[in-house]
Amino acid sequence: MTDADVIVVGAGLAGLVATHELVKAGKSVLIVDQENEANRGGQAFWSLGGIFLVDSPEQRRLGIHDSHALALQDWHGSAQFDREDEDHWPRQWAEAYVAFAAGEKRAYLTDLGLKFVPFVGWAERGDGTATGHGNSVPRFHLTWGTGPEVVRIFLEPVEAAERAGTVRFAHRHQVDELVVEGGAVVGVRGTLLAPSTEARGVASNREAVGDFELRAQAVVVTSGGIGHAPDIIRANWPVDRLGPAPKHMIPGVPAHVDGRMLGISESAGANLVNRDRMWHYVEGIHNWDPIWPDHAIRIIPGPSSLWFDATGRRLPAPNFPGFDSLGTLRHIGHTGYDYTWFVTTKPIIEKEFALSGSEQNPDFTGKDVKFLVKNRLAKGAPVPVQKFIDHGIDFVQADTLDELVRRMNELTASTPDRDHAVLDHEQLRRQIEARDAEVDNPYSKDLQVMAIANARRFRSDRVVRVAKPHRFLDPANGPLHAVRLNILSRKTLGGLETNLDSQVMRPDGQPFPGLYAAGEVAGFGGGGVHGYNALEGTFLGGCIFSGLRAGRALAGSLQ
(Lines give C-alpha, C1' and ligand atoms only; values in the text may rest on other atoms or scores of the structure.)
Protein backbone atom coordinates (compact mmCIF):
# COMPACT_ATOMS: atom_id res chain seq x y z
CA MET A 1 0.00 0.00 0.00
CA THR A 2 1.50 3.35 -1.07
CA ASP A 3 0.56 6.84 0.01
CA ALA A 4 1.27 8.31 -3.46
CA ASP A 5 3.06 7.47 -6.67
CA VAL A 6 5.99 9.68 -5.61
CA ILE A 7 7.14 11.24 -2.35
CA VAL A 8 9.03 14.52 -2.72
CA VAL A 9 11.15 15.48 0.30
CA GLY A 10 11.27 19.27 0.38
CA ALA A 11 8.80 21.93 -0.75
CA GLY A 12 11.43 24.17 -2.33
CA LEU A 13 11.77 25.11 -5.99
CA ALA A 14 13.26 21.82 -7.24
CA GLY A 15 10.53 19.85 -5.46
CA LEU A 16 7.80 22.05 -6.91
CA VAL A 17 9.18 21.69 -10.44
CA ALA A 18 9.41 17.89 -10.14
CA THR A 19 5.88 17.79 -8.75
CA HIS A 20 4.59 20.03 -11.55
CA GLU A 21 6.02 17.68 -14.18
CA LEU A 22 4.61 14.61 -12.41
CA VAL A 23 1.14 16.15 -12.10
CA LYS A 24 1.14 16.97 -15.82
CA ALA A 25 1.71 13.25 -16.42
CA GLY A 26 -1.20 12.27 -14.16
CA LYS A 27 0.87 11.03 -11.21
CA SER A 28 0.02 11.56 -7.54
CA VAL A 29 2.58 13.27 -5.32
CA LEU A 30 3.04 13.62 -1.57
CA ILE A 31 5.33 16.55 -0.64
CA VAL A 32 6.95 16.15 2.79
CA ASP A 33 8.56 19.17 4.45
CA GLN A 34 9.78 19.93 7.97
CA GLU A 35 8.56 23.55 7.83
CA ASN A 36 5.03 24.95 7.78
CA GLU A 37 2.91 26.00 4.83
CA ALA A 38 4.28 29.56 4.91
CA ASN A 39 7.67 28.25 3.69
CA ARG A 40 6.54 26.71 0.41
CA GLY A 41 9.11 27.61 -2.21
CA GLY A 42 12.03 27.35 0.21
CA GLN A 43 15.18 29.37 -0.41
CA ALA A 44 14.07 30.41 -3.89
CA PHE A 45 11.49 32.76 -2.40
CA TRP A 46 14.25 34.85 -0.82
CA SER A 47 16.35 35.04 -3.98
CA LEU A 48 16.82 37.95 -6.35
CA GLY A 49 15.41 35.74 -9.09
CA GLY A 50 18.40 35.77 -11.43
CA ILE A 51 18.25 33.33 -14.34
CA PHE A 52 21.19 32.32 -16.54
CA LEU A 53 20.16 32.44 -20.21
CA VAL A 54 22.24 32.19 -23.36
CA ASP A 55 21.61 34.17 -26.57
CA SER A 56 18.31 35.51 -25.30
CA PRO A 57 16.17 38.23 -26.92
CA GLU A 58 17.07 40.47 -23.98
CA GLN A 59 20.76 40.01 -24.70
CA ARG A 60 20.37 40.59 -28.42
CA ARG A 61 18.41 43.82 -27.89
CA LEU A 62 21.35 45.12 -25.83
CA GLY A 63 23.88 44.20 -28.51
CA ILE A 64 25.29 41.21 -26.60
CA HIS A 65 26.64 38.49 -28.88
CA ASP A 66 26.33 35.26 -26.94
CA SER A 67 26.27 31.67 -28.09
CA HIS A 68 26.02 28.10 -26.83
CA ALA A 69 29.72 27.60 -27.67
CA LEU A 70 30.85 30.68 -25.73
CA ALA A 71 28.68 29.80 -22.71
CA LEU A 72 30.02 26.25 -22.68
CA GLN A 73 33.58 27.58 -22.87
CA ASP A 74 32.86 29.83 -19.89
CA TRP A 75 31.21 26.99 -17.97
CA HIS A 76 34.12 24.61 -18.39
CA GLY A 77 36.63 27.40 -17.67
CA SER A 78 34.84 28.06 -14.40
CA ALA A 79 34.05 24.48 -13.41
CA GLN A 80 37.61 23.21 -13.96
CA PHE A 81 36.44 19.61 -13.71
CA ASP A 82 39.45 17.52 -12.70
CA ARG A 83 38.14 14.39 -10.96
CA GLU A 84 37.80 11.23 -12.99
CA ASP A 85 35.04 9.60 -10.95
CA GLU A 86 33.31 12.38 -9.03
CA ASP A 87 33.09 14.62 -12.11
CA HIS A 88 31.75 11.89 -14.43
CA TRP A 89 28.11 12.93 -14.15
CA PRO A 90 28.73 16.65 -13.43
CA ARG A 91 30.47 16.98 -16.80
CA GLN A 92 27.44 15.52 -18.56
CA TRP A 93 25.05 17.68 -16.55
CA ALA A 94 27.07 20.76 -17.50
CA GLU A 95 26.73 19.97 -21.21
CA ALA A 96 23.00 19.33 -20.80
CA TYR A 97 22.38 22.41 -18.67
CA VAL A 98 24.12 24.87 -20.98
CA ALA A 99 22.15 23.40 -23.90
CA PHE A 100 18.96 23.92 -21.83
CA ALA A 101 19.94 27.53 -21.05
CA ALA A 102 20.56 28.19 -24.74
CA GLY A 103 17.42 26.36 -25.85
CA GLU A 104 14.25 25.28 -24.07
CA LYS A 105 14.74 27.13 -20.77
CA ARG A 106 13.42 30.59 -21.62
CA ALA A 107 10.31 29.32 -23.41
CA TYR A 108 9.63 26.81 -20.63
CA LEU A 109 9.59 29.62 -18.07
CA THR A 110 7.82 32.29 -20.08
CA ASP A 111 5.09 29.84 -21.07
CA LEU A 112 4.38 29.55 -17.34
CA GLY A 113 4.12 33.33 -17.07
CA LEU A 114 7.64 34.41 -16.07
CA LYS A 115 8.86 37.77 -17.37
CA PHE A 116 12.31 39.35 -17.32
CA VAL A 117 13.38 42.96 -16.93
CA PRO A 118 14.84 44.38 -20.16
CA PHE A 119 18.41 44.88 -18.94
CA VAL A 120 20.82 41.99 -18.36
CA GLY A 121 23.29 41.88 -15.48
CA TRP A 122 26.96 40.98 -15.71
CA ALA A 123 27.68 38.76 -12.71
CA GLU A 124 30.96 36.97 -11.99
CA ARG A 125 32.95 38.97 -14.52
CA GLY A 126 35.83 36.59 -14.07
CA ASP A 127 39.47 36.02 -13.27
CA GLY A 128 40.83 38.04 -16.18
CA THR A 129 41.50 35.19 -18.61
CA ALA A 130 39.52 34.09 -21.65
CA THR A 131 39.78 30.42 -20.74
CA GLY A 132 39.33 30.82 -16.98
CA HIS A 133 36.47 31.56 -14.61
CA GLY A 134 33.72 34.04 -15.39
CA ASN A 135 31.07 35.20 -17.81
CA SER A 136 32.49 36.60 -21.04
CA VAL A 137 29.24 38.50 -21.54
CA PRO A 138 26.26 39.54 -19.37
CA ARG A 139 23.87 36.61 -18.82
CA PHE A 140 22.10 37.39 -15.51
CA HIS A 141 18.41 37.85 -16.38
CA LEU A 142 16.47 39.40 -13.51
CA THR A 143 12.94 38.09 -13.01
CA TRP A 144 10.21 40.73 -12.88
CA GLY A 145 8.90 39.79 -9.44
CA THR A 146 12.22 38.27 -8.21
CA GLY A 147 12.28 34.98 -6.30
CA PRO A 148 8.60 34.94 -5.27
CA GLU A 149 7.59 35.09 -8.92
CA VAL A 150 9.86 32.16 -9.82
CA VAL A 151 8.18 30.22 -7.03
CA ARG A 152 4.67 31.34 -8.03
CA ILE A 153 4.73 29.96 -11.56
CA PHE A 154 5.27 26.45 -10.17
CA LEU A 155 3.45 26.71 -6.83
CA GLU A 156 0.17 27.85 -8.37
CA PRO A 157 -0.29 24.75 -10.58
CA VAL A 158 0.92 22.49 -7.77
CA GLU A 159 -1.60 24.00 -5.35
CA ALA A 160 -4.29 23.65 -8.00
CA ALA A 161 -3.41 19.95 -8.11
CA GLU A 162 -3.59 19.92 -4.30
CA ARG A 163 -7.16 21.18 -4.50
CA ALA A 164 -7.89 18.54 -7.12
CA GLY A 165 -6.54 15.80 -4.86
CA THR A 166 -3.52 14.65 -6.86
CA VAL A 167 -1.01 16.47 -4.64
CA ARG A 168 -0.84 16.41 -0.84
CA PHE A 169 1.47 18.37 1.43
CA ALA A 170 2.68 16.90 4.73
CA HIS A 171 4.12 19.87 6.61
CA ARG A 172 6.03 19.58 9.89
CA HIS A 173 7.20 16.12 8.82
CA GLN A 174 10.94 15.83 9.39
CA VAL A 175 12.46 12.93 7.49
CA ASP A 176 15.01 10.98 9.53
CA GLU A 177 15.42 7.86 7.40
CA LEU A 178 14.88 6.51 3.90
CA VAL A 179 12.99 3.21 3.93
CA VAL A 180 14.97 0.67 1.91
CA GLU A 181 13.59 -2.78 1.10
CA GLY A 182 15.09 -5.26 -1.35
CA GLY A 183 17.78 -2.74 -2.27
CA ALA A 184 15.25 -0.08 -3.32
CA VAL A 185 13.95 3.05 -1.63
CA VAL A 186 10.23 2.62 -0.98
CA GLY A 187 9.47 5.45 1.44
CA VAL A 188 10.50 7.68 4.32
CA ARG A 189 10.33 7.61 8.10
CA GLY A 190 10.65 10.49 10.47
CA THR A 191 9.46 12.74 13.24
CA LEU A 192 6.24 14.68 13.43
CA LEU A 193 7.08 18.16 14.69
CA ALA A 194 4.81 20.33 16.79
CA PRO A 195 2.75 22.84 14.80
CA SER A 196 4.38 26.16 14.00
CA THR A 197 2.73 29.46 13.18
CA GLU A 198 5.99 31.26 12.51
CA ALA A 199 6.22 33.52 9.47
CA ARG A 200 8.22 32.49 6.41
CA GLY A 201 11.94 32.19 7.15
CA VAL A 202 11.64 32.47 10.93
CA ALA A 203 13.26 29.56 12.80
CA SER A 204 10.64 27.05 13.94
CA ASN A 205 10.57 24.63 16.85
CA ARG A 206 11.90 21.08 16.68
CA GLU A 207 9.59 19.66 19.33
CA ALA A 208 8.74 16.03 18.51
CA VAL A 209 5.07 15.05 18.91
CA GLY A 210 5.05 11.71 17.06
CA ASP A 211 6.50 9.75 14.18
CA PHE A 212 5.46 8.68 10.70
CA GLU A 213 6.19 6.31 7.86
CA LEU A 214 5.10 7.01 4.28
CA ARG A 215 5.51 4.87 1.16
CA ALA A 216 5.60 5.43 -2.59
CA GLN A 217 6.99 3.94 -5.80
CA ALA A 218 9.84 6.46 -5.68
CA VAL A 219 11.28 9.19 -3.47
CA VAL A 220 12.72 12.46 -4.80
CA VAL A 221 15.00 14.30 -2.37
CA THR A 222 14.88 18.06 -2.94
CA SER A 223 15.74 19.25 0.56
CA GLY A 224 18.34 21.95 -0.18
CA GLY A 225 21.90 22.30 1.01
CA ILE A 226 24.14 23.35 3.87
CA GLY A 227 23.92 27.16 3.97
CA HIS A 228 22.81 27.33 7.63
CA ALA A 229 24.84 24.32 8.81
CA PRO A 230 28.18 25.80 9.95
CA ASP A 231 29.42 22.52 11.43
CA ILE A 232 28.97 20.73 8.08
CA ILE A 233 30.53 23.65 6.22
CA ARG A 234 33.59 23.70 8.46
CA ALA A 235 33.97 19.91 8.43
CA ASN A 236 34.20 19.95 4.63
CA TRP A 237 35.98 23.29 4.19
CA PRO A 238 38.78 22.95 1.55
CA VAL A 239 41.66 24.36 3.58
CA ASP A 240 44.14 23.56 0.81
CA ARG A 241 42.26 25.78 -1.65
CA LEU A 242 40.61 28.46 0.49
CA GLY A 243 42.76 28.62 3.60
CA PRO A 244 41.36 28.12 7.11
CA ALA A 245 37.59 28.20 7.55
CA PRO A 246 36.47 31.62 8.79
CA LYS A 247 35.84 31.88 12.51
CA HIS A 248 33.03 34.36 11.90
CA MET A 249 30.58 33.39 9.18
CA ILE A 250 27.01 34.66 8.76
CA PRO A 251 24.26 32.61 7.05
CA GLY A 252 22.52 33.90 3.96
CA VAL A 253 19.70 31.34 4.19
CA PRO A 254 17.09 30.36 6.83
CA ALA A 255 17.83 27.98 9.69
CA HIS A 256 15.97 25.08 8.07
CA VAL A 257 18.68 24.84 5.37
CA ASP A 258 20.45 22.29 7.52
CA GLY A 259 21.90 19.71 5.12
CA ARG A 260 20.35 16.79 7.03
CA MET A 261 19.20 14.85 3.98
CA LEU A 262 22.72 14.62 2.60
CA GLY A 263 23.85 12.47 5.49
CA ILE A 264 20.54 10.59 5.71
CA SER A 265 20.72 9.66 2.03
CA GLU A 266 24.38 8.67 2.29
CA SER A 267 23.58 6.43 5.27
CA ALA A 268 20.93 4.68 3.19
CA GLY A 269 23.47 3.89 0.47
CA ALA A 270 23.58 6.96 -1.79
CA ASN A 271 26.86 8.27 -3.18
CA LEU A 272 27.81 11.74 -1.93
CA VAL A 273 30.48 13.45 -4.05
CA ASN A 274 32.42 16.70 -4.23
CA ARG A 275 31.51 17.60 -0.66
CA ASP A 276 34.50 19.97 -0.44
CA ARG A 277 33.13 22.20 -3.20
CA MET A 278 30.97 25.02 -1.91
CA TRP A 279 29.89 28.56 -2.74
CA HIS A 280 30.09 31.39 -0.24
CA TYR A 281 30.13 35.14 -0.69
CA VAL A 282 32.68 37.64 0.58
CA GLU A 283 30.41 40.73 0.62
CA GLY A 284 28.19 39.69 3.54
CA ILE A 285 26.71 42.24 5.93
CA HIS A 286 24.69 41.73 9.10
CA ASN A 287 21.02 42.41 8.51
CA TRP A 288 19.84 45.33 10.65
CA ASP A 289 16.30 43.85 10.52
CA PRO A 290 16.84 40.06 10.63
CA ILE A 291 14.27 37.39 9.82
CA TRP A 292 16.27 34.26 10.69
CA PRO A 293 19.11 33.85 13.21
CA ASP A 294 22.26 35.80 12.23
CA HIS A 295 20.51 36.81 9.00
CA ALA A 296 23.08 37.96 6.43
CA ILE A 297 22.57 40.02 3.29
CA ARG A 298 24.99 40.19 0.40
CA ILE A 299 25.99 43.42 -1.26
CA ILE A 300 25.88 42.81 -5.01
CA PRO A 301 28.46 45.41 -6.00
CA GLY A 302 29.31 47.26 -9.15
CA PRO A 303 33.03 47.33 -9.99
CA SER A 304 34.13 50.72 -8.62
CA SER A 305 34.52 50.44 -4.82
CA LEU A 306 38.08 50.04 -3.55
CA TRP A 307 38.55 46.76 -1.73
CA PHE A 308 41.01 46.47 1.17
CA ASP A 309 41.92 43.57 3.41
CA ALA A 310 41.68 43.84 7.19
CA THR A 311 45.17 45.38 7.40
CA GLY A 312 44.46 48.06 4.80
CA ARG A 313 46.13 46.52 1.76
CA ARG A 314 44.23 46.81 -1.51
CA LEU A 315 43.17 43.41 -2.82
CA PRO A 316 45.22 42.37 -5.85
CA ALA A 317 43.79 41.95 -9.35
CA PRO A 318 41.47 40.39 -10.36
CA ASN A 319 39.82 40.55 -6.92
CA PHE A 320 37.55 43.43 -7.81
CA PRO A 321 33.92 43.79 -6.72
CA GLY A 322 31.71 41.40 -8.66
CA PHE A 323 34.47 39.54 -10.49
CA ASP A 324 35.58 36.30 -8.86
CA SER A 325 33.80 35.29 -5.65
CA LEU A 326 35.83 32.21 -4.76
CA GLY A 327 39.09 33.65 -6.00
CA THR A 328 38.59 36.54 -3.61
CA LEU A 329 37.55 34.17 -0.82
CA ARG A 330 40.77 32.24 -1.41
CA HIS A 331 42.83 35.42 -1.08
CA ILE A 332 41.02 36.50 2.08
CA GLY A 333 41.47 33.04 3.59
CA HIS A 334 45.23 33.49 3.53
CA THR A 335 45.30 36.99 5.09
CA GLY A 336 44.73 35.75 8.64
CA TYR A 337 41.43 37.65 9.01
CA ASP A 338 37.85 36.83 8.04
CA TYR A 339 36.69 40.27 6.97
CA THR A 340 37.58 42.96 4.43
CA TRP A 341 36.54 46.54 3.66
CA PHE A 342 34.88 48.39 0.85
CA VAL A 343 35.87 52.04 0.77
CA THR A 344 33.61 53.96 -1.55
CA THR A 345 31.94 57.27 -2.33
CA LYS A 346 28.43 58.65 -2.32
CA PRO A 347 28.01 58.42 -6.14
CA ILE A 348 29.18 54.79 -6.11
CA ILE A 349 27.06 53.64 -3.19
CA GLU A 350 24.01 55.29 -4.77
CA LYS A 351 24.44 53.70 -8.20
CA GLU A 352 26.39 50.51 -7.68
CA PHE A 353 25.18 49.00 -4.41
CA ALA A 354 22.43 46.41 -4.80
CA LEU A 355 21.36 43.97 -2.12
CA SER A 356 20.58 40.28 -2.41
CA GLY A 357 17.16 39.02 -1.50
CA SER A 358 13.62 39.54 -2.71
CA GLU A 359 12.73 41.46 0.45
CA GLN A 360 15.59 43.91 -0.20
CA ASN A 361 14.24 44.76 -3.66
CA PRO A 362 10.60 45.71 -3.07
CA ASP A 363 10.34 47.56 -6.38
CA PHE A 364 11.26 44.53 -8.50
CA THR A 365 9.54 42.07 -6.17
CA GLY A 366 6.32 44.08 -6.12
CA LYS A 367 6.45 44.71 -9.89
CA ASP A 368 5.99 48.39 -9.13
CA VAL A 369 7.20 50.46 -12.10
CA LYS A 370 6.62 53.85 -10.44
CA PHE A 371 8.50 52.80 -7.30
CA LEU A 372 11.25 51.28 -9.45
CA VAL A 373 11.84 54.56 -11.30
CA LYS A 374 11.79 56.56 -8.08
CA ASN A 375 13.94 54.07 -6.16
CA ARG A 376 16.61 53.43 -8.80
CA LEU A 377 16.81 56.57 -10.92
CA ALA A 378 16.07 59.38 -8.48
CA LYS A 379 18.86 61.07 -6.56
CA GLY A 380 20.09 59.17 -3.54
CA ALA A 381 20.63 55.52 -2.66
CA PRO A 382 17.82 52.98 -3.12
CA VAL A 383 15.63 52.87 0.00
CA PRO A 384 16.85 49.45 1.26
CA VAL A 385 20.50 50.48 0.78
CA GLN A 386 19.90 53.74 2.63
CA LYS A 387 18.42 51.81 5.56
CA PHE A 388 21.65 49.82 5.84
CA ILE A 389 23.68 53.04 5.65
CA ASP A 390 21.57 54.42 8.49
CA HIS A 391 21.20 51.29 10.65
CA GLY A 392 23.68 48.62 9.53
CA ILE A 393 26.38 47.73 12.04
CA ASP A 394 28.93 47.21 9.24
CA PHE A 395 28.59 50.73 7.76
CA VAL A 396 30.47 53.91 8.62
CA GLN A 397 30.77 57.25 6.82
CA ALA A 398 32.74 60.47 7.21
CA ASP A 399 33.64 63.66 5.35
CA THR A 400 37.39 63.00 5.52
CA LEU A 401 39.53 59.92 5.13
CA ASP A 402 41.17 60.45 8.54
CA GLU A 403 37.77 60.44 10.22
CA LEU A 404 36.59 57.48 8.16
CA VAL A 405 39.59 55.35 9.19
CA ARG A 406 39.08 56.32 12.83
CA ARG A 407 35.50 55.08 12.65
CA MET A 408 36.56 51.89 10.85
CA ASN A 409 38.97 51.14 13.69
CA GLU A 410 36.29 51.90 16.27
CA LEU A 411 33.95 49.45 14.55
CA THR A 412 36.40 46.56 14.60
CA ALA A 413 37.43 47.35 18.20
CA SER A 414 33.76 47.11 19.20
CA THR A 415 33.77 43.37 18.40
CA PRO A 416 36.64 42.09 20.59
CA ASP A 417 35.59 38.47 20.06
CA ARG A 418 36.86 38.73 16.47
CA ASP A 419 40.49 38.98 15.41
CA HIS A 420 41.01 42.42 13.93
CA ALA A 421 43.74 44.71 12.69
CA VAL A 422 44.27 48.44 13.24
CA LEU A 423 44.20 50.46 10.04
CA ASP A 424 46.73 53.19 9.26
CA HIS A 425 45.05 56.14 7.51
CA GLU A 426 48.30 57.12 5.74
CA GLN A 427 48.57 53.65 4.22
CA LEU A 428 45.03 53.92 2.86
CA ARG A 429 45.60 57.50 1.72
CA ARG A 430 48.65 56.55 -0.39
CA GLN A 431 46.71 53.81 -2.17
CA ILE A 432 43.58 55.89 -2.75
CA GLU A 433 45.57 58.89 -4.01
CA ALA A 434 47.45 56.62 -6.40
CA ARG A 435 44.16 55.27 -7.72
CA ASP A 436 42.69 58.79 -8.01
CA ALA A 437 45.63 59.85 -10.16
CA GLU A 438 44.62 57.18 -12.68
CA VAL A 439 41.17 58.59 -13.52
CA ASP A 440 42.19 61.83 -15.23
CA ASN A 441 42.77 60.07 -18.55
CA PRO A 442 40.56 57.70 -20.57
CA TYR A 443 43.27 55.05 -20.17
CA SER A 444 45.13 53.65 -17.19
CA LYS A 445 47.58 51.05 -15.95
CA ASP A 446 45.29 50.30 -12.98
CA LEU A 447 43.46 47.10 -13.88
CA GLN A 448 40.39 48.01 -11.84
CA VAL A 449 40.09 51.38 -13.58
CA MET A 450 40.47 49.51 -16.89
CA ALA A 451 37.72 47.10 -15.84
CA ILE A 452 35.40 50.00 -14.98
CA ALA A 453 35.97 51.50 -18.42
CA ASN A 454 35.21 48.12 -19.99
CA ALA A 455 32.01 47.81 -17.97
CA ARG A 456 30.81 51.24 -19.04
CA ARG A 457 31.13 50.23 -22.68
CA PHE A 458 28.09 47.99 -22.00
CA ARG A 459 25.04 50.25 -22.31
CA SER A 460 23.07 48.67 -19.47
CA ASP A 461 25.98 49.00 -17.05
CA ARG A 462 26.64 52.59 -18.04
CA VAL A 463 23.03 53.66 -17.53
CA VAL A 464 21.99 51.79 -14.38
CA ARG A 465 24.94 50.00 -12.80
CA VAL A 466 28.39 51.61 -13.04
CA ALA A 467 29.20 55.11 -11.79
CA LYS A 468 31.25 57.52 -13.85
CA PRO A 469 34.90 57.32 -12.71
CA HIS A 470 35.82 60.06 -10.26
CA ARG A 471 38.30 60.92 -7.53
CA PHE A 472 37.48 59.35 -4.18
CA LEU A 473 39.12 62.11 -2.17
CA ASP A 474 37.39 64.99 -3.96
CA PRO A 475 35.01 66.48 -1.35
CA ALA A 476 32.42 66.94 -4.11
CA ASN A 477 32.01 63.15 -4.15
CA GLY A 478 31.60 62.81 -0.40
CA PRO A 479 30.89 61.68 2.11
CA LEU A 480 33.21 58.69 2.07
CA HIS A 481 31.72 55.36 3.08
CA ALA A 482 33.30 52.16 4.40
CA VAL A 483 31.61 48.80 4.75
CA ARG A 484 33.00 45.87 6.73
CA LEU A 485 32.43 42.77 4.64
CA ASN A 486 31.99 39.35 6.22
CA ILE A 487 31.97 35.81 4.84
CA LEU A 488 28.40 34.83 4.04
CA SER A 489 27.61 31.11 3.88
CA ARG A 490 25.35 30.04 1.07
CA LYS A 491 25.56 26.77 -0.88
CA THR A 492 27.11 23.39 -1.42
CA LEU A 493 28.32 22.80 -4.97
CA GLY A 494 28.65 19.07 -4.38
CA GLY A 495 25.95 16.64 -3.34
CA LEU A 496 24.20 13.39 -4.15
CA GLU A 497 25.54 11.93 -7.37
CA THR A 498 22.80 11.64 -10.02
CA ASN A 499 22.60 10.53 -13.62
CA LEU A 500 20.87 12.61 -16.28
CA ASP A 501 17.47 11.26 -15.16
CA SER A 502 18.19 12.56 -11.63
CA GLN A 503 18.46 9.00 -10.35
CA VAL A 504 20.74 8.87 -7.31
CA MET A 505 23.82 6.71 -7.81
CA ARG A 506 25.32 4.19 -5.43
CA PRO A 507 29.07 4.13 -4.69
CA ASP A 508 29.40 1.19 -7.13
CA GLY A 509 28.26 3.44 -9.99
CA GLN A 510 24.80 1.90 -10.35
CA PRO A 511 21.50 3.74 -9.90
CA PHE A 512 19.87 3.43 -6.49
CA PRO A 513 16.41 2.01 -7.34
CA GLY A 514 13.57 4.24 -6.22
CA LEU A 515 15.73 7.22 -5.20
CA TYR A 516 16.00 10.50 -7.12
CA ALA A 517 17.41 13.91 -6.17
CA ALA A 518 17.24 17.44 -7.55
CA GLY A 519 18.31 20.94 -6.63
CA GLU A 520 21.09 21.86 -4.25
CA VAL A 521 21.09 18.50 -2.46
CA ALA A 522 22.22 17.02 -5.79
CA GLY A 523 24.79 19.74 -6.44
CA PHE A 524 22.19 21.22 -8.81
CA GLY A 525 22.63 18.14 -10.96
CA GLY A 526 25.00 15.20 -11.04
CA GLY A 527 26.50 15.95 -7.64
CA GLY A 528 28.22 19.12 -8.80
CA VAL A 529 27.25 20.63 -12.17
CA HIS A 530 29.16 23.83 -11.34
CA GLY A 531 32.45 22.14 -10.57
CA TYR A 532 34.56 24.52 -8.49
CA ASN A 533 32.87 27.81 -9.49
CA ALA A 534 29.47 29.18 -10.42
CA LEU A 535 28.54 31.74 -13.06
CA GLU A 536 25.50 33.09 -11.13
CA GLY A 537 21.88 32.86 -12.21
CA THR A 538 22.59 29.15 -12.31
CA PHE A 539 21.29 28.10 -8.89
CA LEU A 540 17.59 28.70 -9.54
CA GLY A 541 18.14 27.36 -13.04
CA GLY A 542 19.86 24.28 -11.66
CA CYS A 543 16.90 23.61 -9.36
CA ILE A 544 14.51 24.02 -12.28
CA PHE A 545 16.47 21.84 -14.69
CA SER A 546 17.23 19.01 -12.27
CA GLY A 547 13.66 19.05 -10.92
CA LEU A 548 12.35 18.94 -14.47
CA ARG A 549 14.60 16.00 -15.35
CA ALA A 550 13.51 14.09 -12.25
CA GLY A 551 9.82 14.72 -12.88
CA ARG A 552 9.96 13.81 -16.54
CA ALA A 553 12.03 10.69 -15.94
CA LEU A 554 9.62 9.41 -13.28
CA ALA A 555 6.59 10.35 -15.35
CA GLY A 556 7.89 8.09 -18.09
CA SER A 557 8.95 5.17 -15.90
CA LEU A 558 6.27 4.76 -13.22
CA GLN A 559 3.44 2.34 -13.75
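Me: In this predicted model, which residues of helix α4 are buried?

Reply: Trp 89, Pro 90, Trp 93, Ala 94, Ala 96, Tyr 97, Val 98, Phe 100 and Ala 101 are the buried residues of α4.

Me: What do the buried residues of α4 pack against?

Reply: Their partners are β3 (50-52), α3 (68-79), α5 (104-111), β20 (503-505) and α19 (539-557).

Me: How many residues does α4 have, and what span should I expect?

Reply: Helix α4 covers residues 88-102, which is 15 residues. At 1.5 Å a residue the helix should span 21 Å, and the end C-alpha atoms are 22 Å apart, which agrees.

Me: How many salt bridges does the structure hold?

Reply: Side chains of opposite charge can pair when their charged atoms come close. This structure holds 40 salt bridges. One of them joins Glu 21 to Lys 24, with the closest N and O atoms 3.2 Å apart.

Me: Where do Glu 21 and Lys 24 lie?

Reply: An α-helix has 3.6 residues a turn, so residues three or four places apart point the same way. Both Glu 21 and Lys 24 are in helix α1 (residues 13-24), three residues apart, or about one turn of the helix.

Me: Is Glu 21 buried or exposed?

Reply: Glu 21 is buried, at a relative accessible area of 5%. Lys 24 is exposed, at 52%.

Me: Which salt bridge does Arg 152 form?

Reply: Arg 152 meets Glu 156 in a salt bridge, 3.0 Å from N to O. The two residues are four apart in helix α6 (residues 146-164), so about one helical turn separates them. Arg 152 is partly exposed, with a relative accessible area of 26%. Glu 156 also counts as partly exposed, at 44% relative accessibility.

Me: What does Asp 394 pair with?

Reply: Asp 394 forms a salt bridge with Arg 484, the closest N and O atoms being 2.9 Å apart. Asp 394 lies in the loop between α14 (383-391) and β17 (395-398), and Arg 484 is in strand β18 (residues 480-492), so the pair ties together parts that are 90 residues apart in sequence. Both Asp 394 and Arg 484 are buried.

Me: Which residues are linked in a network of salt bridges?

Reply: Glu 177, Glu 181, Arg 189, Glu 213 and Arg 215 are linked in such a network.

Me: Which domain does UniProt place at residues 5-540?

Reply: The unreviewed UniProt entry places "domain: FAD-dependent oxidoreductase 2 FAD-binding" there. In the model, that span is 32% helix and 23% strand, and its end C-alpha atoms lie 26 Å apart.

Notes. Residues numbered from 1 in each chain as written. Predicted model: local features only at pLDDT ≥ 70, side-chain atom pairs only at ≥ 80, totals over all residues. Heavy atoms only, no water. Expected span 1.5 Å × (residues − 1). Buried < 20%, exposed > 50% of the residue type's maximum accessible area, 1.4 Å probe, protein only. Contact = heavy atoms within 4.5 Å. UniProt positions renumbered as here; feature names shortened; annotations may be inferred. Salt bridge = Lys/Arg side-chain N within 4 Å of Asp/Glu carboxyl O.
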